[in-house]
Amino acid sequence: MEGREDLERETLGRRNRRDTLIVTVVFLALVGTAFLGVKLINPGYSREPYQRTMFVLEDYVTITAYGKDQARVEGAVDEAFRELQRLDNVFDRYDPESELSRLNDAAAREAVPVSEDLWKVIATGVEIYRESEGAFDITVGPLVDLWDVLGRGARGEPPPGDAEVAAALKLVGSDKLELDEAAHTVRFLQPGVVIDVGGLAKGYALDRAAEILQSRGVRSGYISMISTDLTLGEKPGSAGGPLWRIGILDPRGEDYLATLLLPGETYVSTSGDYQRFFEYQGVRYHHILDPRTGYPARGAVSVTVVGGDDGARSDAFSTAVFVMGYPQGLEWVKSRGLECLLVDASGEVHYTEGMRALLEGIKETTTP
Ligand code: AMP
Ligand code: MG
């Protein structure tokens, strides 16, 4: 029996100079056995995955799926992408017709009823605002718009002045939101409030996509939204399973900082200052803003959280830990039962005890 192992390293969705967050390192063990042999070893799965990539929710999303019936697997993946597209129309703040844009336009005048999807994301955002004591805050919209990191970068503009930051900061704070649980309405207690769900909407969408895949017969797969990922079931033995091998990018290098070996149903979310940023006079200004100061958070350069049982929370946690920085952020997320790897501003890598067990390889430092 001849065996062959191909290492496929994908670097998807590079915006800016190097803006891919997390990169899937898929080791496809394409075992060159007779078809019957593979069937016997692995009766439940197709030999090769169905894989599709699409730009949706402001990122490159790749779904890799294994299943018994190839046509059914393909149908499931296509349907999962349709769901992501539908959610994009709910959460996209840069589309004036999205549900979120309509809410932002109207909620200072009246309580606005929102869909189940938007309600869940906003309610989860407010929950994590409280849990993180304001480090995570979906009302960062006015600051995100003021900093406009990609726009300023493209135009070569300087960062905003202190007075502008202070003015935007006055509009920020989830305590300015009034949520009516029974009516599912949202109201802003002050004009000028803008909700931005960029810190957790992808994680929410990840769960909706996973539900579709699983209910349509996908028994094994991997959803990569670059910064928020989920493994589904065991990786087939014929593809090098049962663990999934996931690479965490070095925030300051071209290679990987760490490789994780993960079982099924594991959430992985990364927030990094290398995803969206501009540089002005040698200083990097990135997209994760500290809602308490109004400036890009400086306590970390990259944060990966692993575990939990909810996509939106996983996504929000990496952003929250990034804002809290080292060591508070690491302690905070550990106390919530998740594992974490954090690169601090000096390039030193810190991680929780439980993370050690998931690491296949790691560089302990990187260039600051
Ligand atoms: P992530 O890449 O998941 O860390 O989310 C970053 C995105 O979340 C940004 O592009 C903003 O849209 C939004 N954001 C920035 N700072 C915060 C914050 N402190 N809390 C919540 N969302 C934020
Ligand atoms: Mg996030």
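Student: Where is the place of aspartate 207?

Tutor: Keep in mind that we are looking at a predicted model. To place a residue, look for the element that holds it. Aspartate 207 sits in helix α8.

Student: Is aspartate 207 buried or exposed?

Tutor: The idea is to compare the relative accessible area with a cut-off: buried means under 20%. Aspartate 207 has a relative accessible area of 11%, so it counts as buried.

Student: Which residues does aspartate 207 touch, not counting residues up to four places away in sequence?

Tutor: Here we look past the neighbours along the chain. With those set aside, aspartate 207 touches Leu230, Tyr267, Asp310, Gly311 and Ala312. Take alanine 312: 105 residues separate it from aspartate 207 along the chain, yet their C-alpha atoms are 8.0 Å apart.

Student: Now the metal. What are the protein donors of the magnesium ion (ligand 2)?

Tutor: For a metal site, list the atoms as well as the residues. The magnesium ion (ligand 2) has Gly199 (O), Asp315 (O), Asp315 (OD) and Thr319 (OG1) as its protein donors, at 2.0 to 2.5 Å. Along the sequence, the spacing of the donor residues reads G-x115-D-x3-T.

Student: How are aspartate 315 and threonine 319 separated in helix α9?

Tutor: By about one helical turn, because they are four residues apart in helix α9. Aspartate 315 and threonine 319 are both buried.

Student: Which element gives the most to the lining of the largest pocket?

Tutor: That is α9, with four residues. By class, the lining of the largest pocket holds 19 nonpolar, nine polar and 14 charged residues. Domain 1 (1-41) and domain 2 (50-360) each supply at least three residues to it.

Student: And how much space lies in the second largest pocket?

Tutor: About 170 Å³. Among the residues lining the second largest pocket are Arg252, Asp273, His286 and Pro368. The classes in that lining are five nonpolar, one polar and four charged residues.

Terms used. Residues are numbered from 1 along each chain as its sequence is written. Chains are lettered from A and ligands numbered from 1 in the order in which they are written. This is a predicted model: local features need pLDDT of at least 70, side-chain atom pairs count only at pLDDT 80 or more; totals for chains, interfaces and linings use all residues. Side-chain values use heavy atoms; hydrogens and water are left out. Helices (H or I, at least four residues) and strands (E, at least two) are DSSP runs, numbered from the N terminus. Ala, Val, Leu, Ile, Met, Phe, Trp, Tyr, Cys and Pro count as nonpolar, Asp, Glu, Lys and Arg as charged, and the others, Gly among them, as polar. Domain bounds come from an automatic or database domain assignment. On a 1 Å grid over the protein atoms alone, a cavity is a set of points where a 1.4 Å probe fits but cannot get out, and a pocket is an open set with protein on both sides within 12 Å along at least five of seven lines; lining residues have an atom within 4 Å of a point. Grid points are joined across faces, edges and corners, and a volume is the space filled by probe spheres set on the points. Donors are N, O and S atoms within 2.8 Å of the metal (3.2 Å for Na, K and Ca); water is not among the atoms, so sites may look incomplete. Buried means under 20% relative accessible area, exposed over 50%, partly exposed in between (1.4 Å probe, protein chains only). Contact means heavy atoms within 4.5 Å.
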